[in-house]
Amino acid sequence: MNIRPEPPTLRELRTPDFTLTLNELRAVTAFAVASAEQVLPLFQADHPDDGRPREALAAAVAFAQGDRRSRTQRVAAPAAHRAAKEAASPVSFHAAMAAGDAAASAYLHPLADAVQVNHILRASAHTIRVFELCPTNEEEAAGNPVERIVDLATPLLIDVLCRYPRIGAGTNRVSQLVHELDDRLRDQSRTPPRSHDRVSEQR
């Protein structure tokens, strides 16, 4: 059965501010996946019969490994977020949110808007929150979970991040972690971000 593509959102209809290639989008999603997959088992342990976060992470992996973006990611991401809202504990909530955000990262938009930084970093922020709430050993409890995620970032991921304005710190812990990650990853950059012409996103 053929599935009609969904109409573009208003955000997608805006004139892009810079280029995002599919390889760059895949680098963003791969980073989100590398974070979220570390904590998905904690959700599955609490909710073994709920496959929504697992399916969202699988959709993210498929895109990161070369599949085209499709309705699969668009549907799986909010489904995982719904699973998070129904979760039995804060740990399960953040683990499911991380999986949903990993799938949603495939639809990062090339717009010079700080809110887009959430698409890049929020899966990792939810992952860090799981580490804070539920360290698996004494070494993790004593360490800095932000640094554990920073170590996963590739130069390409940081290059993409630096095309966006810095995001401010919000009032909840996840938004604060997004802000902290944003600062730390920009500090990792050894070269100034490139300037990009205003061109259409490559799909």
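Two rings of Phe, Tyr or Trp (its six-membered ring) pair if their centres lie within 6.5 Å, with planes under 30 degrees apart counted as stacked, over 60 as edge-to-face and the rest as tilted. Keep that in mind for the first exercise. The model is a predicted one, so local features need pLDDT of at least 70 and side-chain atom pairs count only at pLDDT 80 or more, while totals for chains, interfaces and linings use all residues. Residues are numbered from 1 along each chain as its sequence is written, and side-chain values use heavy atoms, leaving out hydrogens and water.

**Exercise 1. Find how many aromatic pairs there are, and classify what you find.**

Step 1: apply the rule, and the count comes to 1 aromatic pair.

Step 2: check the geometry. The ring centres of Phe-18 and Tyr-164 are 5.0 Å apart and the planes stand at 90°, so this pair is edge-to-face.

Step 3: Phe-18 is in the loop between α1 (10-13) and α2 (22-36), Tyr-164 is in the loop between α10 (155-161) and α11 (173-188), and the pair links distant parts of the chain, 146 residues apart. Helices here are DSSP runs (H or I, at least four residues), as are strands (E, at least two), numbered from the N terminus.

Step 4: look at burial. Phe-18 and Tyr-164 are both buried, where buried is under 20% relative accessible area, exposed is over 50% and partly exposed is in between (1.4 Å probe, protein chains only).

**Exercise 2. Work out which rings have an Arg over them.**

Step 1: NZ of Lys or CZ of Arg must be within 6 Å of the ring centre and within 35 degrees of the ring normal.

Step 2: Arg-69 puts its charged end over the ring of Tyr-107, 4.8 Å from the centre. Over the face of Phe-131 you'll find Arg-148, at 3.9 Å from the ring centre.

**Exercise 3. Say where Thr-127 sits and what it reaches.**

Step 1: Thr-127 is part of α7 (residues 117-133), and its relative accessible area of 0% makes it buried.

Step 2: follow the side chain of Thr-127 to the backbone oxygen of Ala-123, at 2.9 Å.

**Exercise 4. Find what the buried residues of α5 pack against.**

Step 1: pick out the buried residues of α5, including Gln-73, Ala-76 and His-81.

Step 2: read off the partners, which are α3 (40-46), α4 (52-64), α6 and α7.

Conventions
Polar contact = N/O pair within 3.5 Å; in protein donor to acceptor, adjacent residues only side chain to side chain. Contact = heavy atoms within 4.5 Å.
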